[in-house]
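Here is a short briefing on one protein model. It covers a loop residue, the cores, the salt bridges and a surface patch.

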Amino acid sequence: HYLTRFAMAAVTAAQSQGFSSLAVRQSSGAVVARRILLGVVASLLLLRRLGPPLLRSLLCKFLGLAPARPGGIRRQSGVWVPGGSPGVQLSTVLYIRDGGRAPTLLIRTPYGKNVVEWMAYAIAAQGFHVVLQDCRGRYDSSGTQTFAAFEDQDGCATMQWLGQQGFEWFDPDRVVAFGISYLGIVQYATVAGLERQRKVAAEQNATPAGDETEPLPKLAAMAPLFSGSQVHSAFFQGGAFNLDFYLRYLHLMTHVKSPKDQLCSLPRLVAFELRLKRYLRRCLGIYRLHQKIEVPQLFQYNPRPHSKFWQNRDYSDALSVAPPAFVATGWFDIFLECSLRDYEAMVQAQGPGQSRLLVGHWHHLESIGPGAFSVLLRSSLDFLQRRTGIAPQEKAETEHPVRLWVMGPRASHGEWRDFSQWPPKEAAEELMLLHKGALSEGNDEHPAATAMSSRLTYDPMDPTPSCDGPVFSPWQAGEKEQNHLALRDDVLCFDSAPQTSDVVLVGRARLRLFIRASRAHFDVFARICDVHPSGQSYNVCDAILRRHAKKDRSQSHHEVQGLASAPPVDAVDIVFTATAKRFKAGHKVRLLISCGAFPRFARHFGDAEQSLGEEPLEVRPCELEVLHSEKTPSALWLPLLPKPSVEDSTRRRSLQAAAAEWPASSSPRRRQRSVAGCDFGMRKIESEAHF
């Protein structure tokens, strides 16, 4: 209609101006306009009929998925699901396939369902009905956002609502879940909530729904990616507060809560980064830092995982009853250790072969990048399709349950390798002893005789920098060059000799340090790096331990004199985060030791009464001495895969044998021989990560 009117107006205007040379006539203009109009209408009708199948095919091809399955998909919006608390309504969108019953995939997100609707449409094209929902207090859902608390109640309420609606397309025995990061946490929460309700119902001899003929639906499988069952582990590592992740994630959750906020997120993020760079080192207490960077304080700083705040966000009781799961993470992911521990616990409860583990070279935010996301989505859907009968399971019976990316000279230059279990049973430990500026190979029964120590001085007002590896910043996370750290006076550097052949490290390395410190409270941060023949070094894995002195007790006169004459020596045991890395021939293994990693972790001011929120009562440097003598042999153990050639059995032992000895409540025989004859006070500290 508008095209016809436009053509008629153009012809009239041309004739009125006397443009006879154009030889335009009203009748011919109307014919052309009608033809154009018919072409547009025909295109719209054709697009309406062929557009959705074409869109599904393009989406599946773009994401690297299998070809879209035949059948229509209809979108049903404006669905409100009652939450787990009075007055809470959860905004939900349904993508329903034509053809009756099929598996249902549940996605619950705090980041806005409008952002992931295109993904839900692509998943529906793979044979699933999709239920997409905003979490409590986020975007269109009512209530107050609780930062992972009470997600068990809302997840259980959603499952109960699905079972009570009588949908013809809903199959209660084939409900699965998928999601990354927070979307994975809510999966553990749903499993935990369903199990808690079943226990309550069993005690009351009634089903949660009140009808014994309609049991509560349960998850048949799930795919928690880059997440974990315990939120506490993302904010505290080795007792140290993950400051960088806390500040950046809190800014995201408090400033992006609606589609309008999403449009303004980029300029707000730039302003936040500028304020953070200006005040991060100036503000010693986090309360004052909150005011300066304009981020409200909504988290508690209690480091105890058994406190009520963190217990409300602990869903680890789901691991013993969890369905088969596809667990994925990255070597530089914030949730790496939590994901691996969850997988190990589920394998122990389910038996081998039920769940799958995939670990790439990615960091946390890279999981939603174009490269990693397609791998994660394709692998997850393939696992869920087999578990729900959409795809056959013959191939799954012959697959290895663990697939790891073994990093090469650079993190992205490597290869995928399959293993039968995690940690790989093929790995065996190799001992490396610390001495002045170097790592030497030695036998753990007869340590090399070294009688030296290394010292550093840590100043909290000029903290050791570190904001790479598993951090919540896309331009700082992952593998970064580390030479600037090795040159600092507050960092100890120990290099091995160049490797004569390729060695592959897979698993968790561990470190034992004999140290003296001028302060009773301090941090120990250790990092393993790969040093290239060119001299450049890159981070591989790291660990931190926050040391808290024991409570004061009454001491005898002889004890006080002994402490005054010789500072106590602490035997500090640290377990590194897991990794898989190939050290090429000619490369060196480098160990860096410092007393902090700021701003990734909050600074330790050496104050016995220090609180993360308040300003410290005193700020004093800490002098740390690492002993590596014959009586105090500080050592590093690396889990290495056997070489194709003959293995040196005198320096390696299996991880099972190592785990049986260390760490342990009683000192093993080897440790007693190593420290025999020491005339100083000896204390032992262990990191929170268990070997």
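In which loop does G596 lie? G596 sits in the loop between strand 24 (588–594) and strand 25 (598–599). Strands (E, at least two residues) and helices (H or I, at least four) are DSSP runs, numbered from the N terminus. This is a predicted model: local features need pLDDT of at least 70, side-chain atom pairs count only at pLDDT 80 or more, and totals for chains, interfaces and linings use all residues. Residues are numbered from 1 along each chain as its sequence is written, and side-chain values use heavy atoms, with hydrogens and water left out.

**G596 and its surroundings**
- G596 is buried, with a relative accessible area of 5% (buried is under 20%, exposed over 50%, partly exposed in between; 1.4 Å probe, protein chains only).
- Leaving out residues up to four places away in sequence, G596 touches Y458, T464 and F525 (contact means heavy atoms within 4.5 Å).
- G596 and Y458 are 138 residues apart in sequence, yet 8.0 Å apart in space, C-alpha to C-alpha.

**Nonpolar cores**
- The largest nonpolar core has 88 residues (a core is a set of buried Ala, Val, Leu, Ile, Met, Phe, Trp, Tyr and Cys residues joined through side-chain atoms within 4.5 Å).
- Helix 5 (residues 182–204) gives the most to this core, with eight residues.
- A second, separate core of 40 residues includes L59, I123, F128 and L225.
- L243 is among the residues with the most contacts inside the largest core.
- Beyond four places in sequence, L243 touches residues including L280, I286 and F598.

**Salt bridges**
- The structure holds 36 salt bridges (a side-chain nitrogen of Lys or Arg within 4 Å of a carboxyl oxygen of Asp or Glu).
- E337 and R508 form one at 2.9 Å, N to O.
- E337 lies in helix 12 (residues 336–350) and R508 in the loop between strand 18 (503–507) and strand 19 (510–517), so the pair ties together parts 171 residues apart in sequence.
- E337 is buried at 12% relative accessible area, and R508 is buried at 10%.
- E618 and R519 meet in a salt bridge at 3.5 Å, N to O.
- This pair links distant parts of the chain, 99 residues apart.
- E618 is partly exposed at 32%, whereas R519 is buried at 10%.
- Salt bridges that share partners join E415, D502, R582 and K584 into one network.

**Helix 13**
- Q385 is in helix 13 (residues 370–388).
- Q385 is buried, with a relative accessible area of 8%.
- A polar atom of the Q385 side chain lies 3.0 Å from the backbone oxygen of Q126.

Technical notes. A polar contact is a pair of N or O atoms within 3.5 Å; within protein, one must be able to donate a hydrogen and the other to accept it, and residues adjacent in sequence count only if both atoms are side-chain atoms.
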